[in-house]
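Me: Could you walk me through this structure with a few questions and answers?

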Amino acid sequence: MVNKAARWRIWGCIGVLLLDMVYFTECSQVKITAAKESSNSASHEIYEKDDRLEAIEKEEGTRNSVNNHLYYQHLLMFEGYDEEEIAQSRHASFDEKKRLLYALGYNESNILSNKRSYCEENVYEWDDTAHTCRTIYYKSTSMPYNAGFYVAYRYMYRVNFYQLDEKNRLLSKQEYSRNVGSDPLGYSEELFYSLGYQSKYDGDKIMEELQYRDYWGTNETGFWWYWVYQYDDQGNCILRVETTEDEIILYCFEYDEKSKLTGEYRYLVKEDWELSCDDGSTYYFRPQWGKPAVKKIAADKTVEKELYYGKAMDMGQQHYLMPEEVEETVFDHKYKVKPGDCLTKIAYRQYGDAAYYDLLYRINRDKIGFDRNFILPGTWLVIPEIGNEQNTKKGTRNE
């Protein structure tokens with residue numbers, strides 16, 4: 001598959017890994033403006049003296065970093081991989097910009113034990129004109145073949161839609177997944193909205209993030225979390241307000257004169273609290289239910305945003321989405337037989353090794369018939385993905 005040095009980068013991007021956190025926030029009467037001086041040595045003292053806040057200890061093992069947002073989780077996927085990682089990656093293919101196009105993962109121990117194995121496949125479809133990327137995740141089964149394996153069956157399970165800006169930054173993500181249903185594999189024939197993400201930038205700085213996780217069409221509303229950021233004159237993030245349905249936490253970051261992070265302080269919002277911004281807008285945070293958890297008032301006093309506890313987010317989602325052209329990708333590993341073709345020629349063209357003619361016949365016996373040497377032109381053959389010491393970037397793409 002992928003060597004240890006590169007595996008964390010590829011599989012940190014594919015798969016289904018997105019954060020499992022939560023947010024929410026609103027109101028207050030006394031105005032607090034975060035410290036934005038070049039020297040931040042006393043910035044946390046502003047919050048220590050605020051009796052609406054309670055200092056809390058930093059928990060071991062938490063992911064409380066300055067840049068803790070979804071864009072950084074997918075940064076490597078969007079920006080591409082270096083030559084060394086590409087050279088060492090098996091069962092993966094990349095485009096001319098060194099971005100991932102396809103990755104195949106499998107349980108090697110099961111393969112070597114000559115048993116049916118579980119596979120994961122991820123396909124990446126880039127549109128540089130629209131600044132979008134669609135990823136399709138397949139749950140697949142594999143069967144032993146020679147010293148390796150081949151994908152015997154694939155089941156499309158999840159689709160992600162990413163919207164980027166011209167700087168390749170993540171602006172939004174929409175995720176749809178198959179729910180548990182009554183089909184033979186235990187999943188529905190439909191896609192349900194499962195996760196949404198939105199971000200807002202001011203120049204190079206991320207200012208807001210909203211993430212919402214649905215409960216796949218159940219009677220529950222799901223949950224969401226929301227981040228607001230503030231920066232000093234050097235562009236260092238000095239404050240992050242994280243709102244969830246459980247709590248509102250302030251993360252205060254301090255730096256030395258070389259912009260090196262020197263301290264992190266955490267405060268729990270106990271009462272209504274507000275935060276003023278450079279553009280004249282104000283965020284109101286409320287840790288109690290009943291009113292908006294977060295309300296943003298613009299400089300002209302108009303309401304820009306309201307987020308409520310226990311309320312589903314409107315992020316442009318659709319339920320029961322199953323575009324036909326997405327469903328058809330389950331069968332995209334196909335080849336249309338041309339006049340003069342034979343299995344050895346097709347195997348060499350697809351895999352770089354004519355010996356795979358036997359695999360092609362095994363998979364397509366019902367279409368070819370008893371005589372493997374006679375194939376009618378126009379016949380569509382399934383070209384299974386294979387995994388072994390060869391790099392799969394050689395083949396199994398349609399021609």
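Here are some questions on a pocket and a helix pair in this predicted model.

Me: Which strand gives the most to the lining of the largest pocket?
Reply: Happy to start there. Strands S8 (187-202), S9 (205-213) and S10 (223-231) are the elements that each give two or more residues to this lining. With four residues, the top contributor is S10.

Me: How many residues line the largest pocket, and how many of them are charged?
Reply: The space in this pocket comes to about 360 Å³. Nearest its centre lie Asp202, Met207, Cys277, Asp278 and Asp279. By class, the lining has seven nonpolar and two polar residues beside its charged ones. The lining counts 19 residues, and the charged ones number 10.

Me: Are helices H8 and H9 oblique or perpendicular to each other?
Reply: Good one to check by angle. The axes of H8 (residues 343-351) and H9 (residues 357-368) come within 10 Å and cross at roughly 120°. Roughly perpendicular covers 65 to 115 degrees, and roughly antiparallel begins over 145. The pair is therefore oblique.

Me: Is the crossing of H8 and H9 left-handed or right-handed, and how many charged residues are in their contact?
Reply: The handedness of the crossing is right-handed. H8 brings Leu343, Thr344, Ile346, Ala347 and Tyr351 to the contact, while H9 brings Tyr357, Leu359, Leu360, Tyr361 and Ile368. Sorted by class, that makes nine nonpolar residues, one polar and, for charged, no residues.

Conventions:
Residues are numbered from 1 along each chain as its sequence is written. This is a predicted model: local features need pLDDT of at least 70, side-chain atom pairs count only at pLDDT 80 or more; totals for chains, interfaces and linings use all residues. Side-chain values use heavy atoms; hydrogens and water are left out. On a 1 Å grid over the protein atoms alone, a cavity is a set of points where a 1.4 Å probe fits but cannot get out, and a pocket is an open set with protein on both sides within 12 Å along at least five of seven lines; lining residues have an atom within 4 Å of a point. Grid points are joined across faces, edges and corners, and a volume is the space filled by probe spheres set on the points. Ala, Val, Leu, Ile, Met, Phe, Trp, Tyr, Cys and Pro count as nonpolar, Asp, Glu, Lys and Arg as charged, and the others, Gly among them, as polar. Axes are lines fitted to C-alpha atoms, for helices over the stretch in contact, and angles run from 0 to 180 degrees between N-to-C directions. Angles under 35 degrees count as roughly parallel, over 145 as roughly antiparallel, 65 to 115 as roughly perpendicular and the rest as oblique. A crossing is left-handed if the near helix is turned anticlockwise from the far one by less than a right angle, and right-handed if clockwise. Contact means heavy atoms within 4.5 Å.
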